[in-house]
Amino acid sequence: MALEATNISVSFPGVKALRKVSLVFQPGRIHAVLGANGSGKSTLVKVLTGIYHPDKDCGGKIIIDGHEYQSIESPSVAHEKGIRVVHQESPLVHTFTVAESVALSKEYPMKGPRVDWKAVRKYVQDLFGVFEIDMDPDTLTEHLTAAERNMVAMATAIGMNRELEETKALILDEADASIPEAEAEYFLKHVRRIADMGIPVIMVTHRLKAARNYCDDVSILNGGELVYSGLIKDTSEDLIVSNMIRKPAEEGQQLSVDRPGAALDELWRLLGSRMRPKKDTPVLQIKRVVAENLNHLSLELKTGEVLGIVGIPDSGVNELPLLLGGELALDSGEVVVDGKQLSRKSSPRRAIRAGLAILPNDRAVRGGIMPCSLRENMLLPNESRFWHKKKLAKATVDLCSDIFDVNPRGQKDMDFGKFSGGNQQKAIMAKWLLPCPAVFILNDPTYGVDPASRLKIFDLIKSAAHSNIGIIIFSTEPEQLVNVCTRVLALQNGKVGGELTVQDGTLTREAIAKWCYT
Amino acid sequence: MHTYKSRFMLLLNKYIIIVIFLIVMAVFGSLSVKFLSMQNLGSVMLTQAIAACLSLGAMFILVSGEFDLSLGYNLNFCAVLCAFLAARGWGAVPVFFASVLMGTFAGLLNGLVVVKLKISSFIVTLSIGLMLSGLSRAVTGGGILSVSEPKALMNFARGSIGPWGYCVIFFLVLALIVHLVFSHTPFGRHMYAVGISTKASFMAGIKVDRIRILAFMCAGMFAGISGAILLGQLGAASSAYGTSLLLPAYAVVFLSKTAIRPGYINIPGLLIATLLISFSKNGVQMIGVPNWGNHIFEGAVLIFAMWLSTRFSVSGRLRSKKTQGKPRTGKGDGGVSNGVGSN
């Protein structure tokens, strides 16, 4: 019971999305498929699930359990042949109970003309028994954690009894993207249990660390080609990253060492923005702030500093970005930006006026307006400066696209939603750095971003800091902070519980991870 | 997890409409002697049966997450069609079914255009409503079509056993059927699922387009039923009758979200909401407010109803002061569920 894809090529007008890719997925093993955005991994998944068809003239074959196919005609045929998929979007209806959400994708058992709710519950209980999910079927779906939701989605996709026997492969198409780091391990242990049932599991993911801990095999795609395939234990993180990014890693990093911040200064000169204050002057002071989980929190941020803030979920780390962004009101205490006190009843508009720019964590909802163009998104916060100056607007967007490396270039009028996650994130950074804020707060900037863009984003953060903008980063991947922050504060019970700095050598991966999870 | 206070809030959430209803009855009852008389109660229910039937149709639309602004015109055209056919000597049963068929057909048209041409349901249904109102004018010639036949339809629409009008009983039977459809058949459940998340439903293998078209057809069907009853009660039809019933019908459906099963449009809630709206309107008339005041009051009631439905319709999860209006702190789909856990 294995799934094999041989010599698969897929062409679109003008682009070759996959070039002669051959892969074997063995039963009982978790096979990680890695690659930057646009490397062809989604195309591969779509070929296996019958959405795209391999080029006829290349002799591509898909072999499921010994049966050879030229291509799989449609998703329903793929399902018939035993290929089960869990996508990034949850197939569960959030205000239904878990039992009903599951029943929705199966047939409802009927008693006469009515739905037999007892049988629904029984079915789901049995299904959860098979997959060792400990959950009450009457729970509302919206009360599940992301990991639990994905576990239910996998169980639903595979099914039990006859359906389980017919399952030839499980594809997790970035299904883990919505799961926070802290729950990832729990989820992956569950994936392992499914693999142990003798099912080949294909995991398309952005999570390197998780892949290295829980997968058996790894294949890396780059520009539509298979550049690496082998056992995961023979690889290192560096090896994987270097295979994923197009340019060698060093080249990207050198970029800013050259003339850090120069590009941003040029941008602000073009716009005639005020110049930033000198290095090491305080730009943000938070004094004894009380709001929800925050309990007398005080901290100070200086220009040129990159401050990371971490903590477990109820330490106040979720509220602080909302507070700074003006979405959450203070109960007491004060926030001083650039010497001016922020009014107690804040709003996002007031926060922006005061010089606080925030990059929110849910890109699709609060980060950008997906059906609007790149240009509109980038210039949104200060559209009033551009609406009557077409040339300036064009020059600004072009310059931003260059500085922030937003690809594909020259597509100013393309819908924002059509850009990949990494490029969207870089464009959103541009949007908030354009008005030259006093403080730039990034809430989980690397969420759902490919490794190459991630390096670029860190690079940009460093150059913004060099241009004397105060930077605060909240991250769910705390290890990432080591590379970019000069100081990390750990929140605990609503106030600062610990401080790690580069100077005294306490800023290490282990130390950050410890504050994040315990 | 639940404190004493939150349990109280949960109960209040479920039964607030009933409480308001009782208060309204008590207030108007004490202000007007006739208000609580059997005769008045019976006649209010009789006249409101039409709007109530239409709200059953509106329920299909709102549950599946669409909007149909043509329902009022559809009802009106069906009534006009009934009058036209009745004047040509058709019997009660054929007239009734012609009306139902016409309504359903208009619904099908709405559904096909919205789903297949992928146009916003607001625009489509408003345009189709306009066409229907044009047809009404064409049939009536701008005047009023009065009929005295078929007698059976008139009796059905006007007659009653005690305070219970035949058409009130008919409505209650329809409501029971709709209730069973929504809570106990795959069709009804699919409709809820499509309304809550089209994408999730699509991925669960539901034929989303078909469900949406069927929702429009069901809504049209109820507009047809209401149209026939309207003609039966008034004995006449013009291109203006019945179009004003649209908004109250939707208000009732929205309001049903606040009662019995908070967060869900549900039939028991719809019945209570219908009673609340119709008796408060009637009460205002009974205490002698002039006609123009009545309109103002009705508008205010609708806004109040909408406010109630947004304030008190959070499903299961309580909307305390603390969490109100606060965006979820988790990211996107995978928010860490803090607070109300799975219990």
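The text that follows treats the domains of chain A, then a sheet and its helices, and finally a helix pair in chain B. The model is a predicted one.

**Domains of chain A**

The domain assignment divides chain A into domain 1, covering 3-92 + 144-244, and domain 2, covering 250-517. Between the C-alpha centres of domain 1 and domain 2 of chain A the distance is 34 Å. Domain 1 of chain A gives 10 residues to the contact, and domain 2 of chain A gives 10 residues. On the side of domain 1 of chain A that touches domain 2 of chain A, the elements contributing two or more residues are helix 7 (181-196) and helix 9 (237-244) of chain A. The residues of that side of domain 1 of chain A comprise six nonpolar, three polar and one charged.

**A sheet in chain A**

An open sheet of chain A is built from six strands, arranged in the order 18-19-20-15-21-22, with mixed pairing. Its edges are strand 18 (356-359) and strand 22 (495-501) of chain A, each of which pairs on one side only. From one strand to the next, the twist averages 20°.

Within chain A, strand 19 (residues 439-443) and strand 20 (residues 470-474) are joined in the parallel sense by five bridges. Asn443(A) has Phe474(A), in strand 20 of chain A, as its bridge partner.

| Helix of chain A | Strands of chain A concerned | Angle |
|---|---|---|
| Helix 18 (residues 421-433) | touches strand 18 and strand 19 | about 170° with strand 18 |
| Helix 19 (residues 451-466) | lies across strand 15 (306-310), strand 19 and strand 20 | about 150° to strand 20 |

**A helix pair in chain B**

In chain B, the axes of helix 12 (residues 267-286) and helix 13 (residues 291-311) come within 10 Å of each other and cross at roughly 150°. Angles over 145 degrees count as roughly antiparallel, and helix 12 and helix 13 of chain B are therefore roughly antiparallel to each other. Their crossing is right-handed.

From helix 12 of chain B, the contact is made by Ile277(B), Ser280(B), Lys281(B), Val284(B) and Gln285(B). Helix 13 of chain B supplies Asn294(B), Phe297(B), Glu298(B), Val301(B) and Ala305(B). The residues of this contact between helix 12 and helix 13 of chain B divide into five nonpolar, three polar and two charged.

Conventions:
Residues are numbered from 1 along each chain as its sequence is written. Chains are lettered from A and ligands numbered from 1 in the order in which they are written. This is a predicted model: local features need pLDDT of at least 70, side-chain atom pairs count only at pLDDT 80 or more; totals for chains, interfaces and linings use all residues. Two strands pair if DSSP finds at least two bridges between them. Helices (H or I, at least four residues) and strands (E, at least two) are DSSP runs, numbered from the N terminus. Axes are lines fitted to C-alpha atoms, for helices over the stretch in contact, and angles run from 0 to 180 degrees between N-to-C directions. Two residues are in contact if their C-beta atoms, placed from the backbone, lie within 7 Å. Angles under 35 degrees count as roughly parallel, over 145 as roughly antiparallel, 65 to 115 as roughly perpendicular and the rest as oblique. A crossing is left-handed if the near helix is turned anticlockwise from the far one by less than a right angle, and right-handed if clockwise. Ala, Val, Leu, Ile, Met, Phe, Trp, Tyr, Cys and Pro count as nonpolar, Asp, Glu, Lys and Arg as charged, and the others, Gly among them, as polar. Domain bounds come from an automatic or database domain assignment.
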